[in-house]
Amino acid sequence: MRTMHSFAWLAAIGSLGIASSAMAAQWNLATPYGDASFHTQNTKQFAEDVADATDGELDINVHSGGSLIAHSEIKPSVRRGTVQAGEVFLSSLSNESPIYEVDTLPGLAGSYEDAYDLWQASKPIITQMFADEGLMPLYAVPWPAQGIYTNFELTDASQFEGLRVRAPNINTQRFVENLGGLPTETEEADIPTAFSTGRVDAMITSVSTGKSMSAWDYVSHYSDANLWLPKNIVFVNKRAFDQLDDKTQQAVLDAAAEAERRGWQASREDSAESAKALKEHDITISKPSGQLAKDLEAAGDSLFEDWRERAGDQAKTLIERYRKRQADD
């Protein structure tokens, strides 16, 4: 009986990839984004940097495009230790806490500078929330600012009436509803099919996604509204991390810091390159003005007030910290 219990104990530890130094040297990292995404390219470079810094003592195998685990299962899988690390769209966790929605609040942070201040202000709270689940954030990188793709010139909110709009997270869904539209949840990889089958008529996303999904095949206009800059977050099972020796842990942290710096710059570059590609494929890009600008602001203000009430004291702390950073800059 004692032998059977020992085998069961070893199997449980082995499932976390931390039974021995040999197991700890092999990490699987699951991401829902394809190899063409600058996020995935950055994550793969992070893995290479770790391998180089540790002379191959820690090998991180990046499984892209949802090939290992579906997006919605990545965080639970890392928490359980089924895989050691993962990457998710941060606001996709909003069903767990309103704090995860903070980078999808219209008008709060519409530039890279503001988005970085917002990340620094929210990072301590998010780090603690992850720690409570046995997880540790490594780095976060934003997508370019979000805008609105339509097959017509968008001039005011009345045009959203009955419009089926791709909305990848809860705040985008609420925002679309505030504008009078019909939100439809669609993963990035399903966008072409959603348009071709009529499940969506428009979408709120970045120029980066528009380029990678060949938006010009489905829409003709892009309203560059700078609504928000949502982030991906890369994180690790804390027990797997703690199993590493001090030198290897530091190598992971150093590579993560560089991945965050590199990723923010890559996002800026991708934003410019993607906007150029949209124009080259005859998508009309314009800034919201007149009634449309007022309607978007009103819908965003309503969303922010609702979020602040739901998030309570944490929201107050976070926003105060964010505003202080902005004032100090």
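Colleague: Where does α5 bend, and by how much?
Modeller: In this predicted model, α5 bends by about 45 degrees at Lys 123. A proline, Pro 124, follows within four residues.

Colleague: How many residues does α5 have, and how far does the helix reach?
Modeller: Helix α5 runs over residues 112-131, which is 20 residues. From its first C-alpha to its last it reaches 27 Å, close to the expected 28 Å.

Colleague: What do the buried residues of α5 pack against?
Modeller: They pack against α4, β4, β10, α10 and α11. The buried residues include Trp 119, Ile 125 and Phe 130. Asp 117 is also among them.

Colleague: Which residue does Asp 117 meet in a salt bridge?
Modeller: Arg 325, at 3.2 Å from N to O. Asp 117 is in helix α5 and Arg 325 in helix α11, so the pair ties together parts 208 residues apart in sequence.

Colleague: Is Asp 117 buried or exposed? And what about Arg 325?
Modeller: Asp 117 counts as buried, at 4% relative accessibility. Arg 325 counts as partly exposed, at 29%.

Colleague: New topic. How many salt bridges does the structure hold?
Modeller: The structure holds 17. One of them joins Lys 75 and Glu 133, with the closest N and O atoms 2.6 Å apart. Lys 75 sits in helix α4 and Glu 133 in the loop between α5 and β4, 58 residues apart.

Colleague: Which residues are linked in a network with Lys 75?
Modeller: Arg 79, Glu 96 and Glu 133 are linked with Lys 75 in a network of salt bridges. Lys 75 is buried, with a relative accessible area of 2%, while Glu 133 counts as partly exposed at 26%.

Methods: Residues are numbered from 1 along each chain as its sequence is written. This is a predicted model: local features need pLDDT of at least 70, side-chain atom pairs count only at pLDDT 80 or more; totals for chains, interfaces and linings use all residues. Side-chain values use heavy atoms; hydrogens and water are left out. Helices (H or I, at least four residues) and strands (E, at least two) are DSSP runs, numbered from the N terminus. The expected span of a helix is 1.5 Å times one less than its number of residues. The bend at a residue is the angle between axes fitted to the seven residues ending there and the seven starting there. Buried means under 20% relative accessible area, exposed over 50%, partly exposed in between (1.4 Å probe, protein chains only). Contact means heavy atoms within 4.5 Å. A salt bridge is a side-chain nitrogen of Lys or Arg within 4 Å of a carboxyl oxygen of Asp or Glu.
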